[in-house]
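Have your viewer ready and your selection tool at hand.

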Number of protein chains: 2
Amino acid sequence: GIVGAIEAALAGGPLAGKHVLVTSGPTHEPIDPVRYIANRSSGAQGTAIARALAGLGADVTFVTGPADVAPPQGVRVVEVESARDMLAAVEAALPADAAVFAAAVADWRVASASDRKIKKDGSGSLPVLEFAENPDILATVAQMKKGRPGLVVGFAAETDDVVENATAKRARKGCDWIVANDVSPATGIMGGAENAITLIDETGAEAWPRLSKAEVATRLAARIAEALA
Amino acid sequence: GIVGAIEAALAGGPLAGKHVLVTSGPTHEPIDPVRYIANRSSGAQGTAIARALAGLGADVTFVTGPADVAPPQGVRVVEVESARDMLAAVEAALPADAAVFAAAVADWRVASASDRKIKKDGSGSLPVLEFAENPDILATVAQMKKGRPGLVVGFAAETDDVVENATAKRARKGCDWIVANDVSPATGIMGGAENAITLIDETGAEAWPRLSKAEVATRLAARIAEALA
């Protein structure tokens with residue numbers, strides 16, 4: 001509306017008046033009331049991206065799993081645990097001008113999750129975990145027939161053949177960009193302060209130098225502002 | 001030695017000169033380079049116990065998994081990830097006058113842990129996780145033939161039949177005391193600020209009122225000081 005447009009103009013910045021959705025952090029998938037499957041995402045990169053987008057004037061909805069780092073100031077925070085919770089929060093937050101899926105979403109949940117703590121029964125037998133595929137949040141949004149955000153950005157955490165895998169992922173998911181990074185333990189990126197990413201779009205792959213996660217976020221936010229301009 | 005005894009006497013407190021080992025926090029059991037199995041232990045109770053013991057003058061070795069809360073001041077901190085790492089750190093820290101096993105150690109690890117990130121292969125097939133039993137740190141120390149700490153305290157996180165299960169656990173593990181608590185999600189204890197414990201020793205079960213985790217720690221440390229006096 002007019003008031004929103006005036007507020008955005010007053011707030012300033014190239015993303016004023018734009019709604020950008022950012023997901024961040026890990027998801028936790030319950031095994032039983034005390035155990036869960038997690039991943040090593042600290043939420044640092046997604047948090048930095050949300051902060052940078054807000055700094056350019058965007059109206060940011062920040063959907064975050066249980067992260068180590070605190071969410072940024074000046075964004076709308078939605079806290080979730082599991083992948084299914086995250087999809088529901090994303091769908092509730094749409095429409096958006098752009099969506100950046102930086103969360104490390106679990107591919108699988110435990111289909112046989114128990115309401116009671118699984119105990120050692122003394123027989124020496126081990127638990128059996130049955131898995132079910134989680135919803136694919138990136139593909140779900142990237143392939144929306146109606147109301148798809150104008151720019152959909154996915155992330156690919158790879159340990160091998162980073163560009164090849166991430167390029168294939170971009171085509172398979174139907175998203176516009178993939179931010180690919182090498183999360184091999186030797187890189188120290190997962191949970192660390194720096195990131196070395198490759199941005200993959202329809203024109204190919206662009207390797208960025210190793211930068212702090214804040215610098216990666218600043219560059220990516222500027223690119224998003226260009227794309228939405 | 002004489003110097004240590006003099007230092008302890010100068011430091012004061014009923015536990016001066018006593019070495020107490022405390023384990024705390026969750027363990028993380030790797031699935032692949034980015035995923036792991038965790039549990040909802042925040043490390044708050046174990047941290048409070050270590051702080052209370054140090055406050056009574058004990059020389060505390062604090063072996064902690066990846067906890068949410070920072071370790072206390074004035075203790076020797078050993079950081080570990082998995083149950084196997086924790087056992088090795090415990091064995092390296094012995095001998096001790098008392099050992100308090102407050103950590104929420106994973107019963108099982110993933111036997112089929114992968115060096116590479118497990119990927120969706122497009123076939124729709126789901127990963128299979130094979131488990132192996134982790135070492136039982138409490139039982140290992142409680143049943144030591146030589147060099148067993150004079151007081152071995154275990155914890156039991158139960159969701160059903162708390163006293164019955166914890167009493168059976170005390171006998172099965174061979175420890176002196178069990179600190180039992182009800183971690184049903186409805187209690188809010190796991191990850192919360194309060195605890196309602198039952199102390200089980202050779203004389204039976206003593207239910208404590210619902211207290212802050214700091215108050216539970218203070219009471220337990222005082223009991224340990226009495227037992228070692």
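Is B:Cys175 buried or exposed? Select B:Cys175 in this predicted model: its relative accessibility is 4%, so this cysteine counts as buried. Now switch to chain A and pick A:Cys175, which is buried as well, at 4% relative accessibility. While you have cysteines on screen, note that a search of the whole structure finds zero disulfides over all chains.

Next, step back to helix α5 of chain A by selecting residues 162-173. This helix has 12 residues and reaches 16 Å from its first C-alpha to its last, close to the 16 Å expected at 1.5 Å a residue. Colour A:Val162, A:Ala166, A:Lys169 and A:Lys173, the buried residues in α5(A). Turn the view to look down the axis of α5(A): the buried residues fall within an arc of 55°, so they line one face of the helix. An α-helix has 3.6 residues a turn, so residues three or four places apart point the same way.

To see what covers that buried side, show α4, β9, β10 (177-182) and β12 (197-201) of chain A, which are among the covering elements. Just after the helix, click on A:Gly174, which takes a positive phi of about 85°.

For the last stop, go to the loop between α4 (137-142) and β9 (151-158) of chain A and select A:Lys145. A:Lys145 is exposed, with a relative accessible area of 83%. Draw a distance from its C-alpha to that of A:Arg210, 65 residues apart along the chain, and the separation is 37 Å.

Technical notes. Residues numbered from 1 in each chain as written. Chains lettered and ligands numbered in written order. Predicted model: local features only at pLDDT ≥ 70, side-chain atom pairs only at ≥ 80, totals over all residues. Heavy atoms only, no water. Helix = DSSP H or I, 4+ residues; strand = E, 2+ residues; numbered from the N terminus. Buried < 20%, exposed > 50% of the residue type's maximum accessible area, 1.4 Å probe, protein only. Expected span 1.5 Å × (residues − 1). Arc of directions from axis to C-beta. Contact = heavy atoms within 4.5 Å. Disulfide = S-S within 2.5 Å.
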